[in-house]
Amino acid sequence: MTPVGSRDTSTVIAVDAMSRSAEASSVASGDIDALRFLRRRKVLVLPLAILAAFVGVGVLAPYLAPQSPTATDLGLKLTPPAWLADGVAERPLGSDQLGRDILSRIIHGTRISLITSLLGIVLAGALGTALGVIAGYCRGWVDSLIMRVADMTLAIHIYILAIVLAVVWGPGLRNVLVVIVFLLWSRYARQARAEVLVLRERDFVTAARALGCPGLWIMARHLLPNIVPSLIVLSTLQVGFVIVLEATLSFLGAGIPPPAPSWGVMVADGRALIASAWWVSTLPGLAILIVVLSVNLVGDAIRDLLDPRSRKL
Amino acid sequence: MRRFLLSRILQALVTLWLLTMVAFVMTRLTGDPLDVLLDARATEDDRKAMASVLGLDRPLPVQYAIYLGHAVLGNFGDSFKTRRPALTMVMERLPLTLELGTTAFLVSLVIAVPIGVISAVRRDTSVDVLGKVIALLGQSFPTFWLGLMLILLFAVTLEWLPASGAGGPAHLVLPSITLGWFTVAGIMRLVRSAMLDTLGQEYVVTARAKGLRESGVVWKHALRNALIPPLTYAGLIFVGLLAGAVVTETVYAWPGVGQLVIESVAFRDFPVIQVILLLFGVMYVGMNLVIDLLYIWIDPRIGLAETTVRRG
């Protein structure tokens, strides 16, 4: 979208620069601190390494997994992990009731977790931010409508929605994404709206409006860049939640359907075997726990880094 | 003040009205209940007769209007499965979910409040770090897996407690820990930050200056005031617990509302699903309203200021 023609270009640049400097001041201090921050918090090295591994394994899953995640071998069913008495080398973390290799399934499950959390957060973030900026900028009835719908989506029992969708569409990635967006968009909308309500009174917005910039241009060019840092912080704090949500929905049968190796599906597979073959449920659950712990540790640290106020709390 | 109250109540009603529409549309999406109710031998006439008995042959907007009219009077129709009033069926299961939710909430408070207080008082010490670790674990544990691990440890290996079902108090232990663990982190953080605020207040300094024992200052003077913000959110946290109970109920085969959800969706039992959806919606919206009212009661300035202040 281009600005309306009859305007002095230099003024536009000046207004742009004002909005950019507002943006810069909130990010730049973070950039300078980042290295020192990391050096002070050596605890973060391990979770960062785990996160890097999570992404790496997710991307390279087919090359890393020793076996196909869905290949069954009834001769090797319910083999314990290799370090136990009856373990075999072909099933390092043991096998499930169909003889599938748990290690390979966990590796491929990483990819499901990674894709769902990234897609879910991007979709929810985009929708929520757009609606939040519109609500905050337009105010009035538009604002009321968006916020009431936000209240309403939070009042809906999320597991009922998920299970109903699973019955309507059949379980799958689409349901999981819809549920994630349904649950998360309002968090972005609230935050974006709150910040826009403050920003819209700032001089650079008034200046842009005085120049005759269209509302859409102001929202996209002047308001949005200024709220991005805090939305990134918000996003890092949602990743762990979304990973657990996907696993939970899959566990309930309302998420990724078997035989896909979602970690939640794997835990569900081992539920009835908990007394005889503990590893089938325990190991995939452990993978969820380790990844989510790391994500949350790093997310908290990023929040502390970019939002020094929260450090005191 | 009165305007603020009225606008809040009106907003709550609008939210609920939107919710009834979603509930109605959502449950109609799950397919034709006649397919479940009638067997394959049913003739076209049988289908028509059944549809007209259940009111499923009318246009959707008419069905919605009838549904809304009845709902306002507390009549949510009969379950397709049992032919008993849907509301009664849900109410029969609710006590079990409430029992689980209440115990879980108590477990959560017993763990979270003391840790929250101590980590505020001994800020930046090892106790505080321990508190943070517990909060982090609380946030990161997938509920369903925690449930299975507790079963593995306490029911299978140690054989101390039953693994599933409802019954005596022993049956409550594992499910309530599983469900309560989930809210420990949130409550602890609320208590800790409220305590930090309170400990800096002048009346705390005064109490100390008077020579009161430190434990008296912390647990009586400060905690009482610090508990106000967490308590206002307690209702909302509790509703969240009840909604989250679906997962815990599934893991422990606890026959509460959560299990009824799963049974009803499988059977396309619209009326029952709608009642549960609305029940949780009413609880959620109601609790939000109560929080707003509590805030006016605690701090009358809020009622005078613009609505955007707190919502913003």
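This is a predicted model: local features need pLDDT of at least 70, side-chain atom pairs count only at pLDDT 80 or more; totals for chains, interfaces and linings use all residues.
Student: At roughly what angle do the axes of helix H6 and helix H8 of chain B cross?

Tutor: Roughly 140 degrees. H6(B) covers residues 126-140, H8(B) covers residues 169-199, and their axes come within 7 Å. H6(B) and H8(B) are therefore oblique to each other.

Student: Is the crossing of H6(B) and H8(B) left-handed or right-handed?

Tutor: It is left-handed.

Student: Which residues meet there, in H6(B) and in H8(B)?

Tutor: H6(B) brings B:Gly131, B:Ile134, B:Ala135, B:Gly138 and B:Gln139. Facing them in H8(B) are B:Trp181, B:Phe182, B:Val184, B:Ala185, B:Met188, B:Arg189 and B:Arg192. Sorted by class, this contact of H6(B) with H8(B) has 7 nonpolar, 3 polar and 2 charged residues.

Student: Now chain A. How do the axes of helix H5 and helix H6 of chain A cross?

Tutor: At roughly 150 degrees, with the axes coming within 10 Å. Helix H5 of chain A is residues 158-169, and helix H6 of chain A is residues 173-199. Apply the rule: H5(A) and H6(A) are therefore roughly antiparallel to each other. Their crossing is right-handed.

Student: Which residues of H5(A) and H6(A) meet?

Tutor: From H5(A), they include A:Ile158, A:Leu161 and A:Trp169. From H6(A), they include A:Arg174, A:Val178 and A:Phe182. The contact of H5(A) with H6(A) has 10 nonpolar, 1 polar and 1 charged residues.

Student: How many helices and strands has chain A?

Tutor: Chain A has 10 helices and 0 strands. Buried residues are 44% of its 313 residues. Now take the contacts in chain A with a separation of 6 or more: 71% of them join residues 24 or more positions apart.

Student: How do I read a single residue? Is B:Gly101 buried or exposed?

Tutor: Count the neighbours. The cut-off for buried is 20 or more other C-beta atoms within 10 Å. B:Gly101 has 25, so it is buried. B:Gly101 sits in helix H5 of chain B, residues 86-121.

Student: Which residues does B:Gly101 touch, not counting residues up to four places away in sequence?

Tutor: B:Phe238, B:Leu241, B:Leu242 and B:Ala245. Look also at B:Val239. B:Gly101 and B:Val239 are 138 residues apart in sequence, yet 8.6 Å apart in space, C-alpha to C-alpha.

Student: What about a nonpolar core? How many residues has the largest one?

Tutor: First the general idea. In soluble globular proteins, nonpolar side chains tend to be buried together. In this model, the largest nonpolar core has 159 residues. Those with the most contacts inside the core are A:Ala162, A:Ile163, B:Val191 and B:Ile276. Helix H8 of chain A, residues 215-252, gives the largest share, 16 residues.

Student: Which residues does B:Val191 touch, beyond those up to four places away in sequence?

Tutor: They are B:Ala112, B:Val113, B:Gly116, B:Val117, B:Ala226 and B:Pro230.

Student: How many residues does each chain give to the contact between chain A and chain B?

Tutor: Chain B gives 40 residues and chain A gives 38. On the chain B side, H1(B) gives the most, with 9 residues. That side of chain B divides into 28 nonpolar, 12 polar and no charged residues.

Terms used: Residues are numbered from 1 along each chain as its sequence is written. Chains are lettered from A and ligands numbered from 1 in the order in which they are written. Helices (H or I, at least four residues) and strands (E, at least two) are DSSP runs, numbered from the N terminus. A residue is buried if 20 or more other C-beta atoms lie within 10 Å of its own, exposed if 12 or fewer, and partly exposed in between; C-beta atoms are placed from the backbone. Two residues are in contact if their C-beta atoms, placed from the backbone, lie within 7 Å. Axes are lines fitted to C-alpha atoms, for helices over the stretch in contact, and angles run from 0 to 180 degrees between N-to-C directions. Angles under 35 degrees count as roughly parallel, over 145 as roughly antiparallel, 65 to 115 as roughly perpendicular and the rest as oblique. A crossing is left-handed if the near helix is turned anticlockwise from the far one by less than a right angle, and right-handed if clockwise. Ala, Val, Leu, Ile, Met, Phe, Trp, Tyr, Cys and Pro count as nonpolar, Asp, Glu, Lys and Arg as charged, and the others, Gly among them, as polar. A nonpolar core is a set of buried Ala, Val, Leu, Ile, Met, Phe, Trp, Tyr and Cys residues joined through C-beta atoms within 7 Å.
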